[in-house]
Amino acid sequence: MQIVSMHNITKIFPGTKALDSVNLSLGEGEILSLLGENGAGKSTLMNILYGIHHPDEGEIFFREKQVDIRKPMDAIHLGICMVHQHFMLVPAFSILDNIIAGAEPKFGPLIDRKKAYDRVKGLIDKFHFNLDPNVKVSELSVGEQQRVEILKALYRDAKVLILDEPTAVLTPGEVDDLLEMMRNLRRSGTSIIIITHKLRETLAVADRIMVLRNGVLIRDDIKPEDTNIEELAHLMVGHSINLDLHREAEHVGEVGFEVRDLSITENGVQKLNNINFKIHKGEIVGVAGVEGNGQTQLLEAITGLASPDSMTVMLNGEPLTGDAYSFLHRGVVHVPEDRLSMGLVPDLSLKDNAILGHHDKPFAAKHGLVQKENIAAFTEKCIREFNVKTPNSDVLARALSGGNQQKLIMARALSEESEVLVVAQPTRGIDVSASEYIHEQIFQYRDKGKCVFLVSADLDEVYQMSDRLLVLFNGEIVLECKPQDYTKEELGEFMLGARKKESIPFAKEADD
Amino acid sequence: MNIIQVVIAATIRMSVPIILGSMACIYSSRVGVVSFGCEGMMATGAFCGALAVYYTNNLWLGLLFAVLGGALISLLHAFLHVTHKVNGTLSGVSINLLGTAASALVLKIVWKSAGFSPEYRSFTKLSNTFLAKIPLVGPVLADQNILFYIAIAIVIVSYIVLYKTPFGLRLRMVGENPVAANSVGINTTRMKYVGVLLCGALAGLAGAYLSLARMNRFILDMSGGRGYVSMVIGDIGGGNPLIAAAISILFGFFDCLQSLFQSADTPSQFWMIIPYAFTLIMALVNHKIARGPAGMGKHFDD
Amino acid sequence: MNKKKFFHISREQWKRALNKVMVSAVSFIASIVIVGIVIWISGYSPIETYVSMVKGAFRSQTSIALVFSEATPLLFTGLAFAIAFRVRLVNVGIEGQMMMGALVGAIVGHFVTFLPHIPHVFFTMLIAGLTGMVIALFIGFLKVKLGANEVIISMMLNSIFTYIGSYLANGPLRAKVTGVAQTEIIQETALLSKLVPKSQLTTGYLIGLFIAIVLAFILDQTVLGYKIRIAGNNRIAGETYGIKATKLYYIAFMISGFVAALGGSIMTQGPITRFSDGAVAGYGFQGISVAALGAYNPLGVIFSSFLYGVLRAGSYTVNRTTNIPYEFVDVIQVMVVVFVSAPQIIFSVKKWFKKRKTAKPKHLPDSPAPAPDQNQ
């Protein structure tokens, strides 16, 4: 019997069709793996099942009865529970309190802790979770915290468990434990949907695999025993290789920007491990990779925002050290990944935003006084040259559309003399014409003989834009290549960890 | 009573409003709402209690009105901070100013007097009860009024409510992680309102102690920074009512030293500084000792 | 400098300024109305009260001078609060900083005897201002380095300073001849000149205006002002582009403390002439309301302090002629803070009224469109 089936689910977000008539069915005691790239629609589909989003079209059946899930509590009452990628736990509480909060067994007006303990302990023993319910969550490893999240769901009699990227934060050993736990759960009749891009684990544990791409269901009948990693990677990334958009670098000069021995550890987890790369003048180096593999840390390190465990940066052969200010003023300009929180001050005018980072350059400030005419002229120039659509330069930045905000940030970065452009997610969430415009500007900047470092979660974008590609997986560069030497499918394999490092270290081929 | 008994009795007397105040602040900060407004809620409670007793001559009605007054003004705080997401500090400070300004105005209108009300009945010490006959601690216990025992009861009840009941668990969860609380079906907005209202009610009771027990009249600014003291003590106790009550008694000791030495040769101002200096030092070491709720000031939909 | 361009204000800026003025005006009116209701409940005519207040305030040259002299301390504390709030710091310490300024002004004004008039005036103000600056810097240090809560620290320091001042006024610095606890009158060389004879209005008000213009200039025309704007609006974006928020916390605290203490000293060097217990008490807290009504803008603060000056001066008249206490002005001031910080309250009341008027249709136009229901 099908426990859950979703029919013709369509969800439209402003500007994009996140899901286009997608069907999903899940049997009792089945482990279904939902595969897809970033933005393929996996999370949207699961958020619909969990009541966070409401579909524009389509129907959901639970045990063959049509249901209307409008909020997470509706889903929980049905027995559909979700373990989020970011855990919903209170570190200061004990495991027991975390699990029972919101559904406490009562003894008169008090919590029946004895009953709760027995129940939780019973679940822990049954599924071999190996936890002590009285320990505080703050003392647990990430893997153990995840078990607490799963326990929370089991405690609420979950029939269907949705795991969102459950292995993204785990060590290899913990991953094995998790897979074993999932098999135990299946044995007891719990159905599981696992959202992931990790192919090995999918193959190891899933009963059936479903692939989404750009909001469309590609296949939902793949049996792990009949497939392999290569096939899955191809299905996920698709066959649309479009290199037409790429413009060959006109003139690649000497090394302009170089990063050596970059390592970062956060809370005991190695986020970046010995990263080395060089960017030649007139070259775009792109970073491909699934989000959360160290991109954010890499960006923060090479723009001076974070202080890594170790790093040497050379700009035009000279060492570059210091904070964000020094990096900026030595010519490393930054287009940050989060437009609204890092890139702009939404409640200030375009003029104020346009000179952010340039605010003490001679044109903007003389003797500590702001040069309003110059700033106005500079802002006008930014608006004109980058085709920012705005009534004037005094409106607030929040009044602009996302595309125009991004154009303004690009304009700000490129309108002043600089050496290196570090640009992250340049076209995330913006329309096609603005994207094309921004890409064109990046090419033009490169062709002036400058270095460009591009990070994007959109593989197509990195693939089309880059003259050279780095693939980041688990905080390491697993591949360094020219895009044309590899197909997108092959890159997908590297990004997903299906293939390991095989390139010659760049150092040997450098300075040619 | 010997000198030790006198000091202990005075210490306890001084600490009662702080005990109640810190309980108030605990409820507020446990739901992640900064409890700056406690000072104003105390002042309002003190005033409403005084007004009610003056007109009805009934001390219990006085307590009731103090609690209602504190709760009413805390509702404004909740409305500003929880519903309209006004900066919690600014909203709390406005509440404090409003508490003082409104009492001053009504004081003038009702009693035609600047600064203090006429005298009225107040809670008396339990000197003639069986308590006085208990050896050793008897004189100390009998030197208190009924509000001390109410405060003790509230501390114990608060401890049980916070740590032993579903309500308390949910309350604490909202303060620690409103997003997580929301995800398990807890209405965080309602919880925050409940926490702030409880804070107002208890702060009102603390105010009532000042105007109905410690004194037999209302004096403007009689809360004298006790709301802030309560807030620091509530925080430093890590939100645990028992620890907060113990620290309140320590504060009461310093406050009592201050009043004991006032008559001595040294200038009284030095002694009056003691409780504030104590609080200041507490505030400085606070975050080294206790960790506030992780979700302070956060809303589930941020 | 080209004057026309220098003061150029674009349409957008006008619109935003107008919007802020609207919020302040509506908040002020709402507060007046609410307090009017209280006055009405206590058996007086609110309209008569307000009319006699305004009349009282503009009755004569002396009463107009009173308006400005009442506005003087509010101008300083309003500016002090506003500048700190620009980086989202709530500096309630201005109460204590102003008091210390008044005290130091009294000390320097009395004990320094070798300076001629003008230098003595400025020297006194400078030392007082620096005292406030150091205190505020200390609070900023405790906040930034120790992570302590600036409001608690400030409140406790306010109390401690009050007792220190009280001790000095009662003890070592107590004036010989008077029976009251107050210091000696300061030297005449340290006194500010009167703007209107026989009034309490001194050139201190002009100094306040000057400071307001300087602050407005700093905020609008300097890189420091730009950084304050950025850090106050989006700290993360600022840090991403090399603007360190903590440094600006220090600077804003220092300016705030300086201005507050300067205000205290100007009170000592003006109408009060000596330091006593509670001489400048309460102005610091009122500064919060002045700043809020002035939309945290130095030029706005000039107007809001004037408006409160009218209220205060007028309330004395009302207090003399009727039984309505002047404390109602305090309530108006607090209500203003409430409304300015959450103007949504007024708008939601407005919406509520509108809804009641048009309560017939079941789905209001502003309620979200009902999503398609799967069950039907």
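Reply: We can go part by part, starting with how chain A is divided. Keep in mind that this is a predicted model.

Me: Okay, which domains does chain A have?

Reply: The domain assignment gives domain 1 (2–237), domain 2 (240–331 + 417–512) and domain 3 (345–416).

Me: How far apart are the centres of domain 2 and domain 3 of chain A?

Reply: Their C-alpha centres lie 26 Å apart.

Me: And how many residues are in contact there?

Reply: Domain 2 of chain A puts in 13 residues, and domain 3 of chain A puts in eleven. On the domain 2 side, H15(A) gives the largest share, with five residues. That side divides into eight nonpolar, three polar and two charged residues.

Me: Let's look at strands. What is the order in the open sheet of four strands?

Reply: The order is E2-E1-E4-E5 in chain A, and the pairing is antiparallel. Strand E2 (16–27) and strand E5 (65–67) are the edge strands, each pairing on one side only. On average, neighbouring strands in this sheet are turned by 25 degrees against each other, direction ignored.

Me: Which helix packs on that sheet?

Reply: Helix H1 (residues 42–49) of chain A does. H1 touches strand E1 (2–13), E2 and E4 of chain A. The direction of H1 makes about 120 degrees with that of E1(A).

Me: How many bridges join E4 to E5(A)?

Reply: Three bridges join strand E4 (residues 57–62) of chain A to E5(A), and the two run antiparallel. As one pair, A:Phe62 has A:Lys65 in E5(A) as its bridge partner.

Me: What about E3(A), is it mostly covered or mostly open?

Reply: Mostly covered. Strand E3 (residues 31–35) of chain A has five of its five residues buried. Both faces are covered. A:Ile31, A:Ser33 and A:Leu35 are on one side, with A:Leu32 and A:Leu34 on the other.

Me: Which strands is E3(A) joined to by bridges?

Reply: Strand E10 (residues 191–196) of chain A is one of them, joined to E3(A) by five bridges and running parallel. There, A:Leu35 has A:Thr196 as its bridge partner. Strand E11 (residues 208–213) of chain A also runs parallel to E3(A), with four bridges between them. In E11(A), A:Met210 stands opposite A:Leu34.

Me: Where does A:Gln425 sit, and is it buried or exposed?

Reply: A:Gln425 lies in the loop between strand E21 (420–424) and helix H15 (432–447) of chain A. A:Gln425 has 22 other C-beta atoms within 10 Å, so it counts as buried. The cut-off for that is 20 or more.

Me: Which residue of chain C has a positive phi near 55 degrees?

Reply: That is C:Tyr296. C:Tyr296 is in the loop between H12 and helix H13 (298–321) of chain C. C:Tyr296 is buried, because 21 other C-beta atoms lie within 10 Å.

Me: Staying with chain C, how many helices and strands does it have?

Reply: Chain C has 15 helices and zero strands. The radius of gyration of chain C is 23 Å, close to the 21 Å that the globule rule gives for 376 residues, so chain C is as compact as a globular protein of that length.

Me: What box do the C-alpha atoms of chain C fill?

Reply: Roughly 90 × 60 × 45 Å, taken along the principal axes. Of the 376 residues of chain C, 53% count as buried. Among its contacts between residues at least 6 apart in sequence, 78% join residues at least 24 apart.

Me: Last topic, chains B and C. How many residues does the contact take from each?

Reply: The contact takes 36 residues from chain C and 33 residues from chain B. On the chain C side, the elements giving two or more residues include helix H6 (117–146) and helix H12 (283–293). H7(C) gives the largest share, 13 residues.

Me: And by class, what is on that side of chain C?

Reply: It has 25 nonpolar, nine polar and two charged residues.

Technical notes. Residues are numbered from 1 along each chain as its sequence is written. Chains are lettered from A and ligands numbered from 1 in the order in which they are written. This is a predicted model: local features need pLDDT of at least 70, side-chain atom pairs count only at pLDDT 80 or more; totals for chains, interfaces and linings use all residues. Two strands pair if DSSP finds at least two bridges between them. Axes are lines fitted to C-alpha atoms, for helices over the stretch in contact, and angles run from 0 to 180 degrees between N-to-C directions. Two residues are in contact if their C-beta atoms, placed from the backbone, lie within 7 Å. Ala, Val, Leu, Ile, Met, Phe, Trp, Tyr, Cys and Pro count as nonpolar, Asp, Glu, Lys and Arg as charged, and the others, Gly among them, as polar. A residue is buried if 20 or more other C-beta atoms lie within 10 Å of its own, exposed if 12 or fewer, and partly exposed in between; C-beta atoms are placed from the backbone. The radius of gyration is taken over C-alpha atoms; the globule rule is 2.2 Å times the number of residues to the power 0.38. Domain bounds come from an automatic or database domain assignment.
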